[in-house]
Amino acid sequence: MSDFDLIIRGGTVVNATQTCEADVADVADVAIRGDKIVAIGAHLAGSAARVIDATGRLVMPGGIDTHCHVEQLSGMGRMGADDWYSASVSAAFGGTTMIVPFAAQHRGNSLRKVADDYAELARRKSVIDYSYHLILSETDPQTLHTDLPELIRSGITSFKVYMTYDQLKIDDYQLLDVLAVAARERALVMVHAENNDVIRWVSQRLLERGYTAPKFHGTSHVALAEAEATHRVIQLSRLFDVPVMIVHVSAVEALSTIQAARKIGAQVYGETCPHYLLLTEDDMDLPGTEGAKYCCSPPLRDAQAQESLWEGLANGTLQTLSSDHAPYRYDESGKIPYGDKTTFKQMANGMPGLEARLPLLFSEGVGGGRLSLQQFVALSATNHAKMYGIFPRKGHIALGADADIAIWNPEREVTLTTATLHDQVGYTPYEGRTVRGWPEIVISAGRVIVSDGRLDAAPGSGRFIARGVPEPHTVEREVSPRATFFRTLALTREKQKNY
Ligand code: DUC
Ligand code: ZN
Ligand code: ZN
């Protein structure tokens, strides 16, 4: 009998920060028994059932993608092309070993039922470990005071709300209710921050004048609408001193709003996505409806925004880089329900990116000299684990952690094409782009699930991971008297002293 099930020998182990077992980038062996990392060190003694020679390779934590849409109806009622199987396979080939998509509550639906149904889809199909967030569109007492707290306590410790989209948005009054519950239950609120009325007002006027092409999606989702809503939700969160995560930050104005708010003590965190770093509004400006492939919300911006977002990732304004994989096909099921007559208002918003996320970040970020290897690991895995209550189980290479590992060849060049990616969308916004650096071997909970370009994992072999309290809620800090007052006002009927 062998001492270990698997040893990865001689690779450069990269963590976001130094651990007691390995420096941030040390040549070391990593030994695995069952689903756990059980030894790390130079020239580990002992035998293993399987040995992987990782000489010249980077041994990094498997990626965690905490923002992707899988088998979920959009606000417009459109279903994406990927189910839990194809999405998790695609993620695995791109070096991601855990995904956290969304169970979406549409108006009138029971949050509990939505979550239970979604859990069942994942359980049957995912090939990698997973959790999910909730999307909340109702704030009735059953949702807010029974289903939501119960789900949070069962390990679904984050949820998303929309400030735009008529079918999903909640208003400021509802937002306050939701934020107060998040403060009490220690859940992380993810916010789609865009001003609905600005978008509605501009869109209406554009359409009346016959401006229907995809590029006008960008005009209507003007950066100021994103900045205004970002500012507003941050101020609302300060009423209760509760952390919020602004997802898919795209605009310079929103980014600087986050930066400024943090300086005055707001607990605000930020996420961006590869498309905001690598594509621009010009990509939407294609003949006919072709630009619909590049329509997402918030929309693509300009070169200045790209630079600011790279800086935001490097200087810690933004904590996570997620794919926001929203795999709408370029056909009547998604992007162009009315063929070439489809207006920018009728196109499903979002683009694919699960598999390309980390190769793009590695190639353009590390290869482009914008990020260190440690920052790459933080933005692709460690910070996701911390922000969403999965750390220290996942997100680093350390004793006792899950053996979720991607072994990267930093020199390998791969040209991204629809034919070679594993999602079901039928196009990639990165068609023909060559990246340098590729995850050649992917290990999920101790199982080698991708090697030599082949998958070895059955549908349903991924596990549900009950998540703990998101790290922003665990940081020792004094809740201000103002927030204490408003929290009490929100959650109890007691009279407070001195009032
Ligand atoms: N928001 C997302 O998070 N993804 C796709 C579209 C959207 O509006
Ligand atoms: Zn969104
Ligand atoms: Zn999204």
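1. Let's start in the sheet: Tyr162 stands opposite His192, which sits in strand 12. Strand 11 (residues 158-162) and strand 12 pair in the parallel sense over 5 bridges. Here, two strands pair if DSSP finds at least two bridges between them. Strands (E, at least two residues) and helices (H or I, at least four residues) are DSSP runs, numbered from the N terminus.

2. A word on what you are looking at. This is a predicted model, in which local features need pLDDT of at least 70 and side-chain atom pairs count only at pLDDT 80 or more, while totals for chains, interfaces and linings use all residues. Residues are numbered from 1 along each chain as its sequence is written, chains are lettered from A and ligands numbered from 1 in the order in which they are written, and side-chain values use heavy atoms, leaving out hydrogens and water.

3. Strands of a sheet pair through backbone hydrogen bonds, either parallel or antiparallel.

4. Which residues hold the zinc ion (ligand 2)? Lys160 (NZ), His192 (ND1) and His248 (NE2) coordinate the zinc ion (ligand 2), at 2.1 to 2.2 Å. Donors are N, O and S atoms within 2.8 Å of the metal (3.2 Å for Na, K and Ca); water is not among the atoms, so sites may look incomplete. Along the sequence, the spacing of these donor residues is K-x31-H-x55-H. The pair of His192, in strand 12 (residues 188-192), and His248, in the loop between strand 13 (244-246) and helix 8 (252-263), links distant parts of the chain, 56 residues apart. His192 is buried at a relative accessible area of 1%, and His248 is buried at 2%. Buried means under 20% relative accessible area, exposed over 50%, and partly exposed in between (1.4 Å probe, protein chains only).

5. There is a neighbouring metal to look at too. The zinc ion (ligand 3) is 4.2 Å from the zinc ion (ligand 2). His67 (NE2), His69 (NE2) and Asp324 (OD) coordinate the zinc ion (ligand 3), at 1.9 to 2.0 Å. His67 is buried, with 0% relative accessibility, and so is His69, with 10%.

6. Take a second look at Asp324. Although Asp324 is not a glycine, its phi is positive, about 50°. Asp324 belongs to the loop between strand 15 and helix 11 (357-366) and counts as buried at 8% relative accessibility.

7. Finally, two cis peptide bonds deserve a glance. One joins Ser297 and Pro298, with omega about -15°; Pro298 is in the loop between helix 9 (274-278) and helix 10 (303-315). Another runs from Phe391 to Pro392, with omega near 5°.
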